[in-house]
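Student: Could we zoom in on one part of this model and then work outward from there? I'd like a single connected walk-through, with the cut-offs as we go.

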Amino acid sequence: MTSLRSLAAVLFVIYFLCVLFLVGFAQEARAIPAFARKYGLPCSACHEAWPKLNSFGQKFKDEGYQLGNERDAPIYQQPTYWPVAMRITPHWHNESAGRTPVDTPAGVVEQTVNTSGFDLTGIDILTGGTLAKNISFLLVPSIDVGSGTVGFESANVRLDNLWGSPWLNFKFGKFEQDLPLSEKRMMTLSNVGGAYQLYHFVPPGDANNDEFASLGENQLGIELMGHSENDHTRYAASLMSSTNGTPGLPAGRSYDGYLHISQGFLVPHLGLQRVGAFGWAGLRPTFFLTFGGVAIPGAGRGNRSFYRAGVYGTLYISKFDVTGVYQRAEDNVFLANAAPANDPTLLPAGAQGPIWNTGTIEAHYTFSPQLFFIGRYELTRISRQALASNPSDLGNADVFTLGYRYYPFMHSRDGLAWHQEFSTINFKGLASSGKDQRMSSYFIVCGTSKI
């Protein structure tokens with residue numbers, strides 16, 4: 001009996017390790033390998049490590065998924081060519097939430113709460129390419145595995161090289177803004193490390209929260225984008241509906257604007273370096289017209305402003321690259337404190353328009369297209385709180401993320417990846433006791449891209 005129990009224990013351990021190994025072999029691909037099949041190129045032609053674009057891949061994207069040859073138009077493709085990819089991310093993760101209030105017989109105390117288990121993300125179906133010469137598209141339906149609801153992460157059409165000029169490309173629909181660091185191609189996936197504070201952070205008590213205004217989310221609108229022939233000089237200007245990418249008309253009469261300009265320069269033996277600047281500004285209503293005491297949809301009034309603006313630089317040294325981004329942000333006092341602009345007396349005592357600064361340093365070491373390492377440090381520092389009574393450093397955040405990814409194989413039909421990541425964030429003074437609050441994620445992600 002003892003030997004049977006020992007054998008069962010060994011088999012269980014082997015089974016668990018096998019499951020853990022397989023669970024690690026999936027990742028959320030942010031590319032469409034069908035492009036490689038279409039042009040007869042390896043995935044590494046456009047990607048340093050999938051899905052991170054190299055300079056050639058960025059130029060291919062800026063050209064509207066075209067190379068300027070006879071393979072661009074879909075009518076000349078093999079009938080079997082179908083530019084579609086599907087992705088889902090089975091994974092195992094451990095989440096730790098420090099200084100969480102917990103009821104005990106002795107009263108409420110703060111404890112660290114740890115949870116872990118196997119999980120799934122939603123299902124994305126990616127399709128993109130050309131409809132005709134100089135007319136390109138991207139469509140990404142997404143199915144939530146929990147609710148079964150269907151949404152669209154991206155749905156846009158772009159007219160490329162208008163009047164024969166690469167400086168004029170017009171996009172319409174839902175799309176990712178031309179950001180200094182892309183959240184749709186980011187190399188980290190955990191609950192803590194899977195989003196940039198750069199785009200999502202708001203100070204404590206600021207009512208202009210992530211759902212209200214988030215530059216990291218794909219937005220609905222139009223974009224005019226252009227670049228030089230070698231793609232070293234680039235610009236993108238967008239006008240967006242103020243709905244944070246959600247279908248439907250905005251709450252009030254307002255739009256958001258975004259502008260990004262950058263310049264690349266080639267350094268011998270090092271590669272293409274880049275510097276740039278970006279800015280996002282918009283308006284949001286602070287009160288609504290009502291009928292019978294109920295807000296009338298779309299009748300928002302008392303618009304007040306917010307902005308995000310920053311500069312960045314990317315340095316390449318052989319297989320190592322590092323990007324640094326600085327951003328300054330401000331929300332109007334009425335937006336931040338959820339007060340109607342037509343009645344300033346409803347502002348709480350000491351109300352202010354918060355101002356904060358974000359710094360991001362992200363480094364990659366690409367050993368080969370099959371193996372890369374990533375490290376990132378993010379910090380946010382609030383220079384003016386939403387309430388003057390708040391401690392000056394309340395809510396300041398520091399985030400550290402480390403990870404690596406290995407592709408046993410990656411070709412123009414499908415791919416497999418092993419990805420591990422650890423990320424931790426510390427918020428200054430946000431625990432109910434007034435102490436710092438830390439949250440951490442350990443993430444082993446598993447999934448394949450099948451085309």
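Student: Where does Leu-270 lie, in terms of the strands on either side?

Tutor: Leu-270 is in the loop between β12 (255-267) and β13 (271-284); helices (H or I, at least four residues) and strands (E, at least two) are DSSP runs numbered from the N terminus. Before we go on, note that this is a predicted model, in which local features need pLDDT of at least 70 and side-chain atom pairs count only at pLDDT 80 or more, while totals for chains, interfaces and linings use all residues. Residues are numbered from 1 along each chain as its sequence is written, and side-chain values use heavy atoms, with hydrogens and water left out.

Back to the loop. Leu-270 is partly exposed, at a relative accessible area of 32% (buried is under 20%, exposed over 50%, partly exposed in between, with a 1.4 Å probe and protein chains only). His-269 sits in the loop between β12 and β13 too, and at 83% relative accessible area His-269 is exposed. Have a look at the backbone of His-269 as well: phi is near 70°, a positive value in a residue other than glycine. Asn-244 also has a positive phi, near 55°. That residue is in the loop between β11 (233-241) and β12, but with a relative accessible area of 12% Asn-244 is buried.

Together with Leu-315, Ile-317, Phe-320, Tyr-365, Phe-367 and Phe-373, Leu-270 forms a nonpolar patch on the surface, with about 590 Å² of accessible area in total. Areas here come from the Shrake-Rupley method with a 1.4 Å probe, and for residues only the protein chains shown count as cover. A patch is made of residues with over 30% relative accessible area and no salt bridge, joining like charges within 9 Å and nonpolar side chains (Val, Leu, Ile, Met, Phe, Trp, Tyr) within 5 Å. Strands β16 (304-317) and β18 (355-368) each supply at least two of the patch residues.

The model holds 8 aromatic pairs (ring centres of Phe, Tyr or Trp, the last by its six-membered ring, within 6.5 Å; planes under 30 degrees apart are stacked, over 60 edge-to-face, the rest tilted). Phe-373 and Tyr-404 make one of them, a tilted pair at 6.3 Å centre to centre with 40° between the planes. Phe-373 is in β19 and Tyr-404 in β20 (residues 397-410), so the pair ties together parts 31 residues apart in sequence. Tyr-404 is partly exposed too, at 27% relative accessibility.

Now look along β19 (residues 371-384) to Thr-380. Thr-380 counts as buried, at 1% relative accessibility. Beyond its neighbours within four places in sequence, Thr-380 is in contact (heavy atoms within 4.5 Å) with residues including Gln-197, Phe-201, Asn-357 and Gly-395.

For a second aromatic pair, go to Phe-60 and Tyr-65: the ring centres are 6.1 Å apart and the planes at 55°, so this pair is tilted. Phe-60 and Tyr-65 are both buried. Helix α3 (residues 55-62) has Gly-57, Phe-60 and Asp-62 as its buried residues. Asp-62 forms a salt bridge with Arg-234, with the closest N and O atoms 2.7 Å apart (a side-chain nitrogen of Lys or Arg within 4 Å of a carboxyl oxygen of Asp or Glu). That pair links distant parts of the chain, as Asp-62 in α3 and Arg-234 in β11 are 172 residues apart. Both Asp-62 and Arg-234 are buried.

Zooming out, the chain has 5 helices and 23 strands, and buried residues make up 49% of its 451 residues. One caution about confidence: the average pLDDT is 84, and 86% of the residues score at least 70, pLDDT being the predictor's confidence in each residue from 0 to 100. Over residues 6-30, though, pLDDT stays under 50.
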